[in-house]
Amino acid sequence: MGKKILIYAAGIITGVILTISVLAIIAVNKNQDENSIVYFEVPISYENKKSTSFEVFQVIGNAALAREVSDKKYGWYNGTTVLLLDGQFYCDQVIELVNPKQVGTYTYQTKEREILGTTIGGDWVTVPVIEVNK
């Protein structure tokens, strides 16, 4: 009877370890593949603009998600969302860029939220990547 219990316990422990390992591998691969920057071989002009400005709404290390100015007269920042790279950013910061260069694209998943019992968000979004200090 003791030998059967030992074999049973060893099977459970092995199953738990294997399950945790597989879930960890899936999580690491998902984050690396889906939340990533794809760089262009050669930077391109960002929408052929000579200058524009962006307002930061989320800081991610030395990068930030920001929205482009949509109405300069009123200072509204409801334009294109971009990922700004290589800077020191803070929320609500306005970044003015002359001859902005797009160096790639960034793909991320928006956060899900529930409003009036309906889940919204969780969509995959791809945005331009712009280097600030180059």
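In what order do the 7 strands of the open sheet stand? Hi everyone, let's start there. The order is S1-S6-S9-S4-S3-S2-S5, and the pairing is mixed. At the edges are strand S1 (37-45) and strand S5 (94-98), each pairing on one side only. From one strand to the next, the twist averages 40°, where axes are lines fitted to C-alpha atoms, for helices over the stretch in contact, and angles run from 0 to 180 degrees between N-to-C directions.

A word on the ground rules. This is a predicted model, where local features need pLDDT of at least 70 and side-chain atom pairs count only at pLDDT 80 or more, while totals for chains, interfaces and linings use all residues. Residues are numbered from 1 along each chain as its sequence is written, and side-chain values use heavy atoms, leaving out hydrogens and water. Strands are DSSP runs (E, at least two residues), numbered from the N terminus, and two of them pair if DSSP finds at least two bridges between them.

Now look at S4, residues 81-85. 5 of its 5 residues are buried, so the strand is largely enclosed by the rest of the structure. Buried here means under 20% relative accessible area, with a 1.4 Å probe and protein chains only. Thr81, Leu83 and Leu85 point one way, Val82 and Leu84 the other. In a regular strand, side chains alternate between the two faces of the sheet.

Who are the neighbours of S4? On one side, 5 bridges join S4 to S3 (residues 63-68), running antiparallel, with leucine 65 opposite leucine 83. S9 (residues 124-131) runs parallel to S4, joined by 3 bridges; there, valine 129 is the bridge partner of leucine 83, and glutamate 131 stands opposite leucine 85.

S2 (residues 51-60) is antiparallel to S3, with 6 bridges, and glutamine 58 stands opposite leucine 65.

Both of those residues turn up again in the lining of the largest pocket, which also includes Phe57, Arg67, Tyr106 and Tyr108. A pocket is an open set of points on a 1 Å grid over the protein atoms alone, where a 1.4 Å probe fits, with protein on both sides within 12 Å along at least five of seven lines; lining residues have an atom within 4 Å of a point. Which strand gives the largest share of this lining? That is S2, with 3 residues. S2, S3 and S6 each supply at least two.

Methods
Buried means under 20% relative accessible area, exposed over 50%, partly exposed in between (1.4 Å probe, protein chains only). Helices (H or I, at least four residues) and strands (E, at least two) are DSSP runs, numbered from the N terminus.
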